[in-house]
Amino acid sequence: MKVTIKRWNAVAAWRWDMPEDDVCGICRNPYDSTCSKCKYPGDQCPLLMGDCNHSFHMHCIYAWVQQEASQERCPMCRQGM
Amino acid sequence: MADQSILRITRELRDIQRGSDLSIAVACKDSNVRHIRALIIGPPDTPYEFGFFEFSVKFGREYPTKSPAVNSLTTNGGRTRFNPNIYAGGKVCLSILGTWRGERGEEWSSAQGLESILISIQSLMSGNPYENEPGFENSNTDYDKKNQQAYVAKIRHETLRVSVIERLEGYLGINKYNGSYVMPYTPDVETDNRGDMGFEAAFEPFKDKVKRLFLWYYDSYVKAIDEESKKHSDGSRFEKMPFEGTGNTMEGTFQYTDLMTRLTVIRMRLMQESDGWVTEGKIAASKESSLANNLQRQFEQTVELFKKNDAIALDLELVDSNPFLWQLVLFGRPMTNLDGGMFRVKIYISPQFPSELPRVKVETPIFHHRVSKDGQLCFLVQKPDELCSYVEAIVAAIEDENPAYDPRTLVNLEASRLFWGSVEDRKVYSRKLRRSAQDSSEF
């Protein structure tokens, strides 16, 4: 049997390369979801990983590091970011 | 935008409420999730054992970047300092809350949260709280040792008196001087919120839970009073600790005889309350109230459900056709310690169900680590607003042969001691359980 493809629509899904059920330690939302300020996940709400290997939504960790009290340390392990 | 922290708070609340930690509870009014009440049950084997300590937790808009404000509400009206770090005025000194200068790495971080705060507070309630006071961490002179004991002794008394007995008396409207009925009042009104005191006083999210836990832990309270009353005669004064200052102390006298009387009155009142549900339920049923109909339907469904389940042999009926009082007879599973047993359990359902949850009483005498001497059963319900979930939980608790060790579920002191004791003890436990199962058919 011969099949001729006349038209096709590509569908793709993406996710961050992170353990599936892991959440951001700051907003406690899944990494694949957004930080609590953003509406849509994706490049506008990326993830950041510190030297200590702890990851957060970029917006979440920015809000924390901007605090003087944070001393620019990781909120999870308190190592320098 | 301003409400981004709400999401995280609701998530944390839900996680704690769904979790199975028996020693913390949280609640908030629908109108304000930023303002939370938390209940911490005093840890076993400490002077705070099975006390009920309530806190208010207020989250600001900057949470979780900034820590919430935490205040103790169990302060005997601002007169009692329960711990070197939990002041009479309600202040909680804790480095992660920023109310105490912490070492670097002990301060707040946005990865901390409600649960970690509550666990930190709970860890302040230790077996030797004297050493929580800065400067007394390593104090080991004879003078300190004497103080440590005296401190533990008075905390034990006040935990029972203030956090347990007065709280329950408040809930039940018991006049503490003569046991008569008075209008219920709230002993712990938030001091920082006098403006809307009437409103605050009406918010008692843990009332029902505390009543049920009181019945679980009743034997432990009695045992504590028995033991302590031998060491501290009525009327003897509490020792003052070197770190206790004016207006921030724990003063008073030991009155264990009085506490025992009050404890008994509370227990009796709680029993009367569940009996009252039955009478009220009867009336509701005769009027065919929607709750009565709903319970009737749930009963029929539950009966059907267990009819299909061959693994569990039980008999369910409504006592006196009252849908507010269920009777369950569980037949002991063959080849287990329960073999040959017939255990009668009553489920009392409140006319306020599900805002007040059912109470369960095992009527057949049984020697079991999860059944107290007067038949209170320690069980964990998956879905508190579905009655069939109670039946499942009751069966699971009675049949449970390999429970995880959790001192908060040990409601029968003697049975638990044997169950978790040496190999020989465990044999004695099994023997006693088997004997009670055999005797049960004659009961």
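**Sheets, chain contact and local features of the predicted model**

Within strand β4 of chain B, residue B:N71 is the bridge partner of B:S56. The structure is a predicted model, in which local features need pLDDT of at least 70 and side-chain atom pairs count only at pLDDT 80 or more, whereas totals for chains, interfaces and linings use all residues. Residues are numbered from 1 along each chain as its sequence is written, chains are lettered from A and ligands numbered from 1 in the order in which they are written, and side-chain values use heavy atoms, with hydrogens and water left out.

Strand β4(B) pairs with β3 (residues 52-58) of chain B in the antiparallel sense, over four bridges. Helices (H or I, at least four residues) and strands (E, at least two) are DSSP runs numbered from the N terminus, and two strands pair if DSSP finds at least two bridges between them. Four strands of chain B form an open sheet with antiparallel pairing, in the order β1-β2-β3-β4. The edges are held by β1 (24-29) and β4 (69-72) of chain B, each with a single partner strand, so one side of each has no neighbour in the sheet. From one strand to the next, the twist averages 25°. Helix α1 (residues 4-18) of chain B lies across β1 and β2 (32-41) of chain B and runs at about 30° to β2(B); axes are lines fitted to C-alpha atoms, for helices over the stretch in contact, and angles run from 0 to 180 degrees between N-to-C directions. The loop between β3 and β4 of chain B contains B:P64, and the peptide bond joining B:Y63 to B:P64 is cis, with omega about 5°.

Another open sheet of four strands in chain B has the order β5-β6-β7-β8, with antiparallel pairing. Here β5 (314-318) and β8 (359-362) of chain B stand at the edges; each has a single partner strand, so one side of each is left without a neighbour in the sheet. The twist in this sheet averages 20° from one strand to the next. Five bridges link β5(B) to β6 (residues 325-331) of chain B in the antiparallel sense, and B:E317 has B:Q327 in β6(B) as its bridge partner. In the loop between β7 (342-348) and β8 of chain B lies B:P354, and the peptide bond from B:F353 to B:P354 is cis, with omega near 5°.

Chain B contributes 20 residues and chain A 16 residues to the contact between them, contact being defined as heavy atoms within 4.5 Å. The buried area, which is the accessible area (1.4 Å probe) that two parts lose on being put together, summed over both, is about 1,600 Å² for chain B and chain A, and carbon and sulfur atoms give 46% of it. One salt bridge is counted between chain B and chain A, a salt bridge being a side-chain nitrogen of Lys or Arg within 4 Å of a carboxyl oxygen of Asp or Glu. A:R28 forms a salt bridge with B:E12, and their closest N and O atoms are 3.8 Å apart. The side of chain B that touches chain A comprises five nonpolar, seven polar and eight charged residues; Ala, Val, Leu, Ile, Met, Phe, Trp, Tyr, Cys and Pro count as nonpolar, Asp, Glu, Lys and Arg as charged, and the others, Gly among them, as polar.

Over all chains, the whole structure holds 30 salt bridges. The side chains of A:D32 and A:R15 meet in a salt bridge of 2.9 Å, N to O. Both A:D32 and A:R15 lie in the segment before β1 (47-49) of chain A, so the pair ties together parts that are 17 residues apart in sequence.
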